[in-house]
Structure formats: C-alpha cells, structure tokens
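Subject: Structure for your review

Dear colleague,

Please find below the structure that I am handing over to you. A summary of the findings follows it.

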Amino acid sequence: MKRTVALLCLLVLVAGGFSFAEDKEADPKHELKQAFARGKELFADESLGTNGMSCNSCHAEGGTKAGKMGDMEIPPFAHVSKKYPMYFKMAGKVMTLDQVINFCVTTPMAGTALAWDDQRLADLAAYIAWVNVPKGEKGKSAEKEKGQEKQKDE
Ligand code: HEC
C-alpha cells in the first residue's frame, strides 16, 4: 500500500512536471532571434575584454566586412557554423567555434574566458553562425574556404 501511494505521488509529480514544462515552452525561432540580437550587441561590447577592444575592432561591421589586425587581413565570417571544428591557425590547434570565440576573448581582448554554460557564449555563437554576410564580401574569403576544403580532403 505504501508503495502504491509512493508510486502515485511520483506519477503526479512527473505529470505535474511535464505540464509545467509545457506551460513554459518557448517559440524556438523567437528564442534564436533573441540570442542573435544579444550576440550582436555583445559583439560591440568592450567589457568582454580589458583593453578597450570589442569583437568589432577586428571583425569589421559585425564580421560582415573584411577587418584588419595590424597588417593581417581578417576575412568576413562565412559558413562559420559549418567550418568548425577545424584547425585554427592563431592557436595552432583544432578548435570548436566556442573555443575560437573564447580564444579571441582571452588573447587579443585580454578578457576572461566565458564558461561553457554562460549564455553569452551561445549568444555570440548564434550571431556568428547566422549573421548575413553579403555575397560580395564572402568572395573575399573564397580562397581561404578553398584552402580549408583541401585540408579536409587530405
Ligand atoms: C585584435 C583583433 C581581434 C579581436 C578583438 C577579435 N578577434 Fe576574432 N579573430 C581575429 C583574427 C586575427 C582571426 C583569424 C582570422 C583568420 O583566421 O584569418 C579571428 C578569428 C575569429 C573567428 C573565426 C572566423 C572564421 O571564419 O574562421 C571567430 C568566430 C572570431 N574570431 C570571433 C571573435 C569574437 C566573438 C570576438 C569578440 C569576443 C573576436 N573574435 C575578437 C582577431 C580578433
């Protein structure tokens, strides 16, 4: 009898839990849009680093135009979400997109790495993965893309 009661209680709890989750269910498209918008803002946020730079300082106009770091040309973002994980030259090893983001936070921006469960990391990744780079701008990184393809084939 005790076991039946306990089982019933458990069932009620589980069922209650599910309906609670359902009440809170969000619109996935809307959530992604919100993350993208927050990521875009973070892209211009100097407080991620400690030297007055934001992502925009090097990845021009939100990464939609070619930027510069000293003499080095930085191509606009293109197919970033499909490319990673791949070899990231600046760090000299294979990295995921999140790791590349944190590499840029900690190295050129001298900031503190974002924790894996920090929403800002997902927001930045959402922005970078889905930002619309005009075709003409993408062309500028075509050679680089080809190079990456070759790397994959070898
Ligand atoms: C001081 C300059 C500088 C700053 C500031 C900077 N980056 Fe970078 N970032 C680079 C350079 C250089 C590369 C390498 C470009 C290459 O591989 O040709 C790079 C590469 C990347 C890539 C890989 C792009 C690709 O197409 O493979 C991502 C993603 C990225 N950065 C995100 C960020 C984010 C997010 C921020 C802000 C938190 C940021 N970066 C800030 C210089 C910078």
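In what follows, Ala, Val, Leu, Ile, Met, Phe, Trp, Tyr, Cys and Pro count as nonpolar, Asp, Glu, Lys and Arg as charged, and the others, Gly among them, as polar. Please note that the model is predicted.

With regard to the overall fold, the secondary structure of the protein consists of eight helices and four strands. Starting at the N terminus, these elements follow the order α-α-α-β-β-α-β-β-α-α-α-α. The protein has 154 residues, and 21% of them are buried. Of the contacts in the protein with a separation of 6 or more, 54% are between residues 24 or more positions apart.

Turning to the ligand, 23 residues surround it, the closest being Cys55, Cys58, Met69, Cys104 and Pro108. Two or more residues of this shell are given by each of the elements β2 (72–74), α4 (80–83), α5 (97–106) and α6 (119–130). By the classes set out above, the shell around the ligand holds 19 nonpolar, two polar and two charged residues.

Which element provides the largest share of the shell around the ligand? That element is α5, with four residues. The buried residues of α5 are Leu97, Val100, Ile101, Asn102, Cys104 and Val105.

Yours sincerely

Methods:
Residues are numbered from 1 along each chain as its sequence is written. This is a predicted model: local features need pLDDT of at least 70, side-chain atom pairs count only at pLDDT 80 or more; totals for chains, interfaces and linings use all residues. A residue is near a molecule or strand if its C-beta atom, placed from the backbone, lies within 6 Å of it. A residue is buried if 20 or more other C-beta atoms lie within 10 Å of its own, exposed if 12 or fewer, and partly exposed in between; C-beta atoms are placed from the backbone. Two residues are in contact if their C-beta atoms, placed from the backbone, lie within 7 Å.
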